Structures are given as structure tokens and as C-alpha cells.
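Hello,

I am passing on the structure below, with some notes on what was found in it. Please read the notes with the structure open.

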Amino acid sequence: MSKRQAALDVTEIKADEVGTEVSKLLNQGARMMYASGVDAGVPGIRIDYYFTFDEEIPSRNLVLRTYVNRKRPIIESVTPITTQADWAEREMIEFLGVQVKNHPDPRHLWLPLNWEDMYSSTHPKGDTESERINTSPTAHPPHDNIFSKHLSVVPYGPYHPALIESNYLKMSVEDEVVRDADLKLGFNHRSVIKLMERRDYYKDLFLAERICGFCNVSHSMTFAQAVEQIADITVPKKALYTRTLLGEMERMKSHILAIGLMGDLTGFRTMLMHAIRIREEILDSLEIMSGQRISHGIITHGGIRNDVTPVHIDVIKSKLKNLKKSVPEYFDQLLANDVFTGRLHKTGVLTVDVAKKFGAVGPIARGSGIRVDIRKNSPYAAYEDVDWDVITENDRDCFARVKVRMREVLMSLHICEQCCDVIRSAPSELITPVNELPCGEGFSRTEPPRGELLYHVASNGTNTPEFVRLRVPTYPNVRVMIDLIKGSEIGDVPVIIGSVDPCFSCADRVTVVNQGKVTVSGGRR
Amino acid sequence: MTLLFLINPLIAFCIGILLSFLLRKLNARIQSRRGPVVRIPPAWRDINRTKILQPLYDILKLFSKNTFIPEKASPLFIIAPVMALLCAILASFFVPVAGISFDYTFGLVVLFYLLMGEILCVIVGGITSGSLFAVIGGVREIELLLTNEIPFILGTFALAISYNTLSINEMMGFNLISNPFAAVVVFLSILVKLHIKPFDISDAESEIVSGLTTEYSGKLLGILEVTKVMMIFVLVALFADLFLWVPSSGLMAWLVFFSGVGFTSVLIALVHSLFGRFKIDQATWWLLRVPLVLSVFAVVWASMWRYVL
């Protein structure tokens with residue numbers, strides 16, 4: 001039976017020692033995963049810096065914890081030391097009001113660029129309690145470092161055909177060459193992590209699933225693992241293998257669509273349509289197991305919710321057999337097309353140094369030859385007991401990233417078949433009930449299709465979590481994407497975006513469950 | 001000379017609609033979709049109502065919508081689509097439909113100017129809209145035009161050399177056998193002119209929203225769509241006339257002509273669905289490398305047959 005993931009190793013330091021401690025850890029080969037703050041009340045605002053050691057297997061997770069005064073929340077920035085902290089600190093500035101000193105680029109990333117003006121320009125000083133936003137046009141345009149350059153600026157978004165989700169990518173362009181690029185997020189922000197603090201643990205699972213349509217199994221699985229760590233329970237074997245099966249199915253479904261979208265972004269729509277056709281078999285088998293096609297709702301604390309019977313397994317195995325034939329055929333068709341591969345070769349080259357500097361994870365890092373995979377680094381579910389290996393490519397360009405995804409799909413098929421065999425004969429126990437949840441902190445990492453997902457959950461003994469902090473894989477990868485776009489050509493930009501395969505809803509931690517009636521203005525029936 | 005050629009634009013529009021249906025249908029079938037259906041079973045009426053005239057309905061829908069004109073656009077924004085349509089109508093006079101056309105001694109040269117003029121009008125209209133996407137699309141379109149016109153002209157002139165004429169009616173014939181290089185070159189040029197898949201760089205929707213036509217809407221976009229439909233027919237018919245025509249008369253002529261048109265458009269649909277999109281530098285380099293060399297070959301081949309052998 002597989003071991004549980006390594007618990008969090010917390011080191012408390014003083015606020016003025018952060019810089020030296022962080023650089024000490026980085027020199028030891030650590031990677032900064034995330035930095036986040038929690039308003040802890042009397043002790044002040046607690047700021048956590050999450051580290052992991054990728055070279056060690058199983059990897060050690062480390063947290064540097066410091067407290068700052070609530071009245072004057074000032075902390076020295078670590079972004080000059082490592083770029084991996086850039087967005088995390090910008091997020092702290094916006095959502096928590098922490099003043100990060102000496103941050104090189106302290107503009108708003110999620111909030112509107114003129115957020116301060118909305119409150120301050122016309123309202124008198126004392127009227128901050130009404131919290132009414134000033135909607136009149138601002139006195140001066142929001143500060144923006146790109147528009148001041150004397151180049152033509154090409155906007156991608158908030159709604160653009162290359163990006164299905166809404167974000168705003170600004171590029172200053174000189175003769176088809178992108179000189180500078182910047183990204184604005186926050187069009188989907190619904191503050192899921194705050195909502196999680198108000199719901200009980202079982203409802204949070206469904207909320208976590210709604211963060212992303214592609215990696216919903218990973219989200220609920222990671223949250224459940226963090227809670228299981230607090231409760232200190234062991235998950236039954238059948239549940240572990242079912243979770244692995246679900247996770248790998250999800251990886252296949254996401255990767256095949258990502259490869260198809262890559263075709264669509266290079267104008268090869270036929271391949272997108274075939275990707276969607278092939279994907280149906282995976283969605284069907286997921287539906288057989290969980291009852292739903294997209295948000296499965298099958299994972300719960302301590303196990304899984306419904307049984308996967310041998311009859312289900314027979315159907316899934318027949319579907320896997322079809323996939324084993326159709327998927328390699330599809331990949332061969334794609335790789336045989338010179339126009340498609342010609343677009344991908346030698347575009348968006350991500351060197352190992354840059355990838356490590358920005359802390360890239362997932363297929364993006366593996367496409368540059370970095371051997372990092374959370375399934376291997378800190379095994380969860382049944383990954384230690386099945387036969388599989390990390391897939392890396394050394395070409396470092398968009399083509400390498402696409403090839404990593406292709407080979408991972410084939411590897412996932414292999415893992416799925418093994419899981420099916422085990423589930424068929426596993427003991428029928430599905431769930432270890434969580435009877436009591438002590439005070440404590442749980443930390444869990446998984447590998448969704450796009451990279452590394454981490455959840456940090458703290459329990460205070462009640463039925464709702466004290467706080468939840470999560471970091472999605474798109475978060476560091478999009479930071480890499482902006483760096484890749486700079487200096488490329490306009491024709492390469494969609495290819496680079498497609499190869500990074502960002503999920504901006506994940507990065508925004510979206511949840512949109514709009515059951516209201518859709519009203520169309522100006523339409524006639 | 002009869003005035004029968006005056007119905008050519010009408011034929012061009014009607015057959016163009018059918019050809020774009022064919023393109024859509026074949027594209028959909030290759031993509032394992034159903035596409036617009038030929039006959040709707042009664043049970044489907046509430047599900048799917050796309051049918052054989054769907055391209056026409058799309059154009060009619062555009063004409064029933066409001067037209068938005070950008071604040072910064074100049075009057076050319078409105079004039080250019082009309083000019084483009086005019087060019088397409090005039091071009092359809094010069095392309096023989098089953099042998100019926102405005103037979104003029106320098107018809108080929110006039111046709112060159114009209115085909116180029118249509119593209120230039122679209123470029124001018126797009127650029128004057130003031131949209132950045134249109135400007136980038138315009139630059140790309142001009143680059144394609146510059147690299148594509150030389151092979152196109154050389155390829156058609158190879159036929160002019162073998163037949164010793166510049167009138168299109170006199171150089172019609174089954175030239176696919178007598179000069180296959182010219183046939184390949186003209187086919188590739190038609191792909192570029194129609195923005196078929198490897199060469200739809202100027203309206204690449206994932207890069208620059210829809211290129212030159214980004215700011216067009218309503219009736220002006222409808223005019224551009226009519227122009228597009230007519231251009232499909234004009235260029236396909238030109239290829240069928242020059243390379244797939246068997247001299248005949250009466251009903252037989254129409255049969256030969258339409259089978260040539262059908263064959264060409266099926267080929268175009270296959271290319272459209274089986275390729276991705278080039279980048280602009282890859283496309284221009286490929287156009288300079290393959291069709292240009294082939295077109296020189298075609299001219300040499302034609303002059304060899306005419307002057308040496």
C-alpha cells in the first residue's frame with residue numbers, strides 16, 4: 001500500500017530574515033512553489049512561503065512562516081531574489097493589502113488597473129465605509145507600462161479566438177515581432193478560496209471541482225488528500241486505484257483536447273474535430289464510473305462515493321481497447337503533416353535555466369528536459385504501485401511540449417489498464433469515514449494534466465476549514481508564457497499559448513454556476 | 001458577338017453558392033461532422049435546419065443586419081467593398097462559362113488586373129477601418145499577393161505561348177496533359193487567392209481576429225461575402241476552362257464545364273481540410289521555392305513545344 005504524502009515542514013522565522021532564509025533554501029536546490037498570506041487575527045498577517053525540493057524523491061515540502069503587523073503589513077519582497085515569487089507577491093498586495101517593499105512590478109494583476117482611483121478620486125476621505133465604487137471616467141488613464149511605448153499595441157482579449165477563456169494579453173508589436181507583452185487576469189475571479197471557508201468540508205469538494213472543468217478530479221482529490229492528512233486516515237485500496245484511474249482519464253481527455261486545440265490554433269481544424277471525436281470514448285467511460293461527463297463528484301473525503309463494479313470495468317476496458325487503436329493513429333496523422341509540425345519546430349524555445357528560474361511545472365518543464373512530476377516526486381493515490389515512468393523531451397520547443405503530451409496520453413492508457421485489472425479484484429471497501437477532524441494543517445500536491453497543483457487546508461476543529469490556499473499549475477506556467485511571447489512573431493503567439501495550454505479559469509479560481517434565466521437584450525422572439 | 005455573357009455574374013453567384021456548400025459539406029465530412037444536409041428528415045426539423053442553400057441564407061442574414069462603421073474609418077471603407085464586388089462581376093464576364101464569355105483579344109491581361117483589383121480593394125477597405133488586426137492582415141495579404149502573382153501570371157502565360165493568343169476563349173482546352181506544370185502552378189495560385197487553408201494567413205482567426213474584414217459588419221460584410229462567393233466560382237471556372245475543357249457544344253459543353261468545376265472544387269475542399277496554416281514567412285518562402293520554379297518550368301515547357309519541336 002502506498003505511503004501517504006509527506007506532511008508540511010513549517011519553519012517560523014522573523015519578518016526581516018525572509019530574504020536571507022529564502023536565498024539559503026534556493027541555494028540548496030529548492031523551488032518556490034507559492035507564497036500566500038492569511039489574516040490570522042491577533043498574531044498578525046501570517047505569510048507562508050512554500051518550497052519543495054525537486055531533486056529529492058520523495059520530495060520534502062517546506063514552509064517558511066512569518067508574521068507581520070496587521071496595522072502596518074510591510075514585508076520585504078523576495079522577487080529580486082527569485083522570479084518564482086513574482087505573481088504570488090502581486091496577489092498578496094491585491095487580496096490582502098500587504099505592502100511588499102521593493103517589488104519590481106507592483107501593478108494590479110487581478111484587480112482593475114485603476115482600482116485605487118475607483119475609490120479615491122471623487123469620494124471624500126471619510127466616505128470609505130459606503131464602499132461604493134466610483135464609476136465615472138477616471139481622471140488619468142491607468143498606469144500601464146506597455147502603452148507608453150511608441151509601437152503598435154495588439155490586444156488579445158478579453159475575448160479573442162485564440163484564447164477561449166477571458167484574459168487580456170497586450171502585446172506591443174513592431175513589424176510582426178512582439179517586443180513586449182503583458183497579461184491582465186481577473187475577468188473570472190470569484191474568490192473561491194474565500195467561499196470555501198464558509199462551507200463545510202463536503203460542500204467544499206464540489207466547489208473545488210468547479211474551479212476547473214478539465215482538472216476537476218485533481219482538484220477534489222487534492223483537497224480530499226489534504227483533509228485526509230489532517231484526519232490521519234488510510235484510504236481503501238479500491239478507492240486509491242479508482243482515483244488513479246479517474247486522474248489518468250482526466251489527463252488523457254485534457255491532453256488530447258490540448259493537442260487538438262494546438263491544431264486549431266495553427267488553422268488545422270480537422271484535427272480538433274478528430275480530437276473531440278476520440279475524446280468521446282474517455283468521457284463515456286468517465287460517465288459510466290461517476291454518472292457525469294464533466295464534473296464527476298465521485299471523490300469524497302476518505303475514499304470514493306460510488307462503486308466501480310466489474311461490469312463497469314468491462315465496458316471501460318473495451319473503450320480503452322478502442323482508444324489504443326485510435327489514439328496512435330491520430331497522433332501519426334498529426335505528425336505526418338509538415339505544415340503543422342513546421343509551425344511548431346524551433347518556436348517558443350524554453351531553456352532549462354529559464355524554466356527553472358520561473359519555476360515551470362508539468363509538460364512545459366518536462367518538454368525542456370526537467371524531470372519533475374509530482375506523481376513520481378511525492379507519490380499519491382496508487383502511483384507507486386503501478387508501472388509507469390516520467391516522460392521528458394529534450395528539444396525544448398513547442399513541438400517537444402506537444403510530444404510530451406502525446407507520449408503521456410499513451411502512458412496514461414497503460415496506467416489505466418493496470419488500474420482496471422486491480423479494481424476488478426480489489427476488496428469492495430470504498431470509504432474510510434472521517435468521524436472527527438482535529439485541529440491541524442494538511443498539505444497535498446498532485447499532478448493534474450497541466451502541472452503541479454497544491455492545496456493547503458487548515459482545520460480549526462469546526463465543520464468549516466480555517467483557511468484554504470491553493471495554487472494551480474497555470475499560475476507559474478503563464479508567467480513563463482509571457483516570457484516566451486516576448487521576442488516571438490505574431491504568428492507564433494497562438495502556438496506558444498497552445499503549447500503552454502493555460503487554464504485561466506484555474507488561475508482566476510473561477511466558479512460560475514449561473515442558473516438564472518439568460519436575458520437577451522434587443523432580440524425578438 | 002452575342003450579349004449572352006451578361007448572365008455570367010448571375011451564374012457565378014448561383015453556382016458559387018453551391019460550390020461553397022460543397023466546400024462546407026466535404027470539409028465537414030472529412031472532419032467527421034455532418035455539415036449542412038442535402039435533405040432534412042422530418043424528425044430533424046427542430047434540431048438542424050442547415051441545408052443546401054445555407055451559404056445564401058448566411059449572406060441574406062448579413063444583409064438584414066445593421067452596419068456599423070468605425071469612427072476613424074474613411075469613406076473608402078464603404079466604397080472598397082462595392083469596388084471589390086464590381087471587380088468580381090467584371091471578372092466573371094471574362095471567364096467562359098461553357099464557352100460563353102466576353103471574348104476580347106487581351107482578355108487574359110484584363111482578367112489579371114481585375115483579379116488583382118478585387119484583392120487590392122479588400123486590402124484598402126480593411127486598412128482604412130483603422131483596426132490593427134486589419135493592418136496586420138493587409139500587410140500579410142500584400143506579401144502573399146507579391147509572391148503569388150508572378151507564378152500565376154507565368155503559369156497562364158505558358159498557355160498563351162502555346163496557343164499564341166491572349167484571348168481566354170482561344171486557349172481553352174485539356175491542357176492538363178499538354179502542360180501539367182502550368183496546371184499545378186495555377187491551381188496553387190488559386191488556393192492563395194481564395195485563402196484556402198495553408199494560405200489563409202491574412203484572415204487567421206487565432207492570430208488576427210479575422211484580418212482585413214475585422215471591422216466589417218452587416219451589409220458591407222454581406223457585399224464582401226457575395227464577392228467571395230463569386231470569386232470562388234470565377235477562379236474555379238478559370239481553372240476548369242484552361243485545363244479541364246474538352247471542346248464541345250450545346251448541352252455537352254455545360255456538362256464538361258460543370259464536371260471540370262466540380263472536380264476542381266473537390267480538390268480545393270480536400271486541400272482546405274487536410275492542411276494547417278502556414279506562417280507568413282514560411283508561406284512566402286514556399287511560394288518562392290515551389291510554384292515560382294514550376295512556373296518557369298511551365299514557360300520553358302511551353303516555348304519548347306512551340307518553338308523547338
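Helices (H or I, at least four residues) and strands (E, at least two) are DSSP runs, numbered from the N terminus. By that count, chain A has 17 helices and 14 strands. This is a predicted model, in which local features need pLDDT of at least 70 and side-chain atom pairs count only at pLDDT 80 or more, while totals for chains, interfaces and linings use all residues. Residues are numbered from 1 along each chain as its sequence is written, and chains are lettered from A and ligands numbered from 1 in the order in which they are written.

Of the 525 residues in chain A, 48% are buried (20 or more other C-beta atoms within 10 Å of the residue's own, with C-beta atoms placed from the backbone).

Chain B meets chain A through 23 residues of its own and 25 residues of chain A; two residues are in contact if their C-beta atoms, placed from the backbone, lie within 7 Å. On the chain B side, α5 (132–163), α9 (251–274) and α10 (280–289) each give two or more residues.

Within chain B, α9(B) also packs against α1 (residues 8–30): the axes, lines fitted to C-alpha atoms over the stretch in contact, come within 9 Å and cross at roughly 45°.

Regards

Methods:
A residue is buried if 20 or more other C-beta atoms lie within 10 Å of its own, exposed if 12 or fewer, and partly exposed in between; C-beta atoms are placed from the backbone. Axes are lines fitted to C-alpha atoms, for helices over the stretch in contact, and angles run from 0 to 180 degrees between N-to-C directions.
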